[in-house]
Amino acid sequence: MKKKLIVSDENDYLKFLKAEKEISDKIINHSRSMISVINRNYIYEKVNSTFCNTHRVTYDSMVGKSLGEVWGYETFNSIIKKNIDLCFTGRTVRYEASFDLPQLGKRYFEVVFRPVSEDNNEINYILAETFDIDDLIRSRLIAIENEEALRRLETNLPIGFLRCDTEGRIMHANKTFLRLMDCNDEFSVTSMNIKQFYPGDSLFEIQLNYLLEKNSKTFGRVLLINCKGREVPCRISGFMAADDSGATSFIDFIIEDLSYEMMLENRLIQAQKLETIGALAGGIAHDFNNILATISGYSEMLQDDLPKNSLLSDKVRKIQGAVNKAQSLTNQILTFSRQVEQEKIPVSVAEVVKDTIGFLKSALPHNITVKSRITRKNANVFADPTQLFRVFLNLMTNAIQAMEENGGTLSVNMTVTDRKLVMHELNKDIVADEYVLLTFKDTGKGMDPSLLGRIFEPFFTTREVGKGTGLGLSVIYGIISELEGEILVSSQKGKGSVFYVYLPVSSQYADFSGNLSDRKKIVLIKGNEYESRIFSMALENSGFSLSFVSEQMQLIKVMSDVKEKPDLIIYMSDSKQITPEDFITIFRQLKIKTPSILITEPGHEFLEEKLLNSGIINQHLIQPVSLKEIRNAIQISLRTEKNDKT
Amino acid sequence: MPCVLIVEDDKELREMIKIALIRRKFTVLEAENGREAILHFKPSITDVVVTDIIMPEEDGLNVIIKLKEFKPDLKIIAISGGGKAGPGSYLKLAKALGANAIFSKPFSVNDLIAKIEEFTGSEQPADL
């Protein structure tokens, strides 16, 4: 432009310069950036109006001020000075910084220093431009924050997240996935292929093809194999992500752990299955009892017709023995299907546990140790103590049998848990504020996980054919269900099994001992000490007055006492001191007329045949005897006695 | 002699109870379900009713209710082989409805007869 200009006189030139300056001042003043000229002494030589407006000062008050004064000496010394010095070496300097402004507060700026040289090439000034980039920086910070929040979510969500390429090579996995798959670190996973977690290659190929066609899909349940080789039921969803060109760049997978749901579902299916079997078996048992009643009735009549102690009478008794056995079996089936009413009284669980352990310890193999820990002694449940004894005895016997070969430790723990814990554990309606939790843990053979779901079915057995009826655990299941409790099991092949028994704690402390003046006096001839204790607990708590006899002399003494004549005698035939012969002899010699009940172990009836033939015994019960049965027997015996007198 | 009505759908079992009662000189009436028992009930001659609970047509619980209406002082003995609806609930219910005694199957027929004799006051000491 200068070349084109033809200056005619100096006035014109000055005019021109003035106009030129006005235009450039206008441009500079209207710029949205703060523009200033700074000299070597760090002092403002010139500032534009944006600069003045931003600082809310006049042009005159700003020119001549040092940068330290304007921006604060701390900021000046730490940031501004070194950049200005750098600019005076001839370089354009750019940087971002936040400054505290009197009116606007802290804002972000981009600062550009440009060296201004005059004709002698010496840099005397720098031109400073300061752009307000606060909005830009803030939105950038928000974006970073959002991204971090997303990443936190991805890391912490209890859902496995996995990104891989179209070949299945893992690019990224979140913490939950690592935990779910039991992998040590992300590094080891990123060197893997997702196919390695699938039970077979073909399933992944099928899912991949689906995704390639449809972009996203939930595949439902897949049993993935974790890093430790264990199966984990998962729900898998996948979706394709494409790059700008539209080609697939990676696949994202979401993997949800279904173990808990599956566990609950399985438990429900098991319970329903057991209920169905129960209804079926219960129905058969019901019809079967009709048939047994007929057989039993005719054999009773036959027995009445035959002379006592005859050979034929002996055979009839064998029929009756078989009927008793069959009845005990149908009773167990009915117990499993919860169709037998249990006689319930408040029972101290700790007492029954202790007695059961005591009962077992007498015949414990030397290579097996039993440990017990009872943290709450005073918890009562509303149950039949003889049934509880059967439950505990059965669970402990199973545990001991599982450890027979290699030895081990049976740990029995009893504690009380509150409703919250129980509700979480059982995931069902609960009936009490507190539950007794018993755990029976062995270090035995353990069970195959596939069998675990079936062990409570009647006639399911892992023992050899012919050993046991296979009713044991199903009866336990029935008894516990009837008490509104729950039994759970976990087991590891080769490591051992744990049975968990939950029983609702009864807050009922009502006195069941009945009218004291009316209490019937019963003499119990003790068999095994611990089992006898359970019987006495059952009978005393249901209102009878009990005395014990374990030796012949004691029996003679009790029976000769005219004042304290007992109303009934219960003879447990496994008594060591008093044999059936002794019993008969004492009865005959003392001419005792007191009604008596005989309790025998199943399969030992022949030992007691003499006793049954002697006519001394009114009722014969075969173990396992429930409180209800024994109470019925007592009732009938006492009534017969009354009838005899009339 | 006292008269006993046996209500039982299982023919063999009914027959057995009948024979046992006839041996003890009881008069016996039979019904093979609850409906028949209620329809042909003879209040003037029946002293004791032995009834099963679970039967086709009409169950034993209804028998107890209806017959007690006809004859309030009638003695009723309920016999059952385990309730299908719940833990022994039928026998318990029978008792609540007015059954004078309950027996669960299989029962001792001698015990049953002893009970009937107790109700009718017709004990035969010779056989005991």
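Start in chain A and select helix H16: Gly472(A), Leu473(A), Ser474(A), Val475(A), Ile476(A), Tyr477(A), Gly478(A), Ile479(A), Ile480(A), Ser481(A) and Glu482(A) are buried there. Buried here means that 20 or more other C-beta atoms lie within 10 Å of the residue's own, exposed means 12 or fewer, and partly exposed is in between, with C-beta atoms placed from the backbone. Helices (H or I, at least four residues) and strands (E, at least two) are DSSP runs, numbered from the N terminus.

Before moving on, some housekeeping. You're looking at a predicted model, where local features need pLDDT of at least 70 and side-chain atom pairs count only at pLDDT 80 or more, while totals for chains, interfaces and linings use all residues. Residues are numbered from 1 along each chain as its sequence is written, and chains are lettered from A and ligands numbered from 1 in the order in which they are written.

**Stop 1: around H16**

Back to the helix: H16 (residues 472-482) of chain A is mostly covered, with 11 of its 11 residues buried. What do the buried residues of H16(A) pack against? Show H10, helix H11 (311-336), helix H13 (385-403), strand E16 (486-492) and strand E17 (496-504) of chain A, and you have the list. Contact means C-beta atoms, placed from the backbone, within 7 Å.

Tyr298(A) has 18 other C-beta atoms within 10 Å, so it counts as partly exposed. Draw a C-alpha to C-alpha distance from Tyr298(A) to Gln320(A): the two are 9.8 Å apart in space and 22 residues apart in sequence.

**Stop 2**

Now select E14 (residues 408-418) and E15 (residues 434-441) of chain A, which pair in the antiparallel sense over 8 bridges. Strands count as paired if DSSP finds at least two bridges between them. Val416(A) stands opposite Val436(A) in E15(A).

**Stop 3: the cores**

Val436(A) turns up again in the largest nonpolar core, which has 128 residues. A nonpolar core is a set of buried Ala, Val, Leu, Ile, Met, Phe, Trp, Tyr and Cys residues joined through C-beta atoms within 7 Å. Color Val436(A), Ile525(A), Ile570(A), Ala78(B) and Ala94(B), the residues with the most contacts inside this core. H13(A) gives the most to it, with 10 residues. The core also draws at least three residues from each of domain 3 (345-504) and domain 4 (515-645) of chain A, with domain bounds coming from an automatic or database domain assignment.

For a second, separate core, select Met181(A), Leu211(A), Ile251(A) and Phe253(A), which are among its 18 residues.

**Stop 4: an open sheet in chain A**

Next, show the open sheet of 5 strands with the order E7-E6-E10-E9-E8 (chain A) and antiparallel pairing. Which strands stand at the edges? They are E7 (170-173) and E8 (216-225), each with a single partner strand, so one side of each is left without a neighbour in the sheet. Neighbouring strands of this sheet are turned by 25° against each other on average, direction ignored; the axes are lines fitted to C-alpha atoms, for helices over the stretch in contact, and angles run from 0 to 180 degrees between N-to-C directions.

Zoom in on E9 (residues 231-242) and E10 (residues 248-257) of chain A, paired antiparallel over 9 bridges. There, the bridge partner of Ser237(A) is Ile254(A) in E10(A).

**Stop 5: chain B**

Switch to chain B, which has 5 helices and 5 strands. From the N terminus on, its elements run β-α-β-α-β-α-β-α-β-α. Buried residues make up 47% of its 128 residues. Of the contacts in chain B between residues at least 6 apart in sequence, 64% join residues at least 24 apart.

Find Ala78(B) again: not counting residues up to four places away in sequence, it touches Thr51(B), Ile53(B), Gly60(B), Ile64(B), Leu91(B), Ala94(B), Ala99(B) and Ile102(B).

- Lys25(B) sits between helix H1 (11-23) and strand E2 (27-31). Its phi is near 65°, a positive value in a residue other than glycine. With 10 other C-beta atoms within 10 Å, Lys25(B) is exposed.
- Glu57(B) lies between strand E3 (48-52) and helix H3 (60-70). Phi is positive at Glu57(B) too, near 70°, and this residue is partly exposed, with 14 other C-beta atoms within 10 Å.
- Pro106(B) is found between strand E5 (101-104) and helix H5 (109-120). A cis peptide bond joins Lys105(B) to Pro106(B), with omega about -5°.

Technical notes: Two residues are in contact if their C-beta atoms, placed from the backbone, lie within 7 Å.
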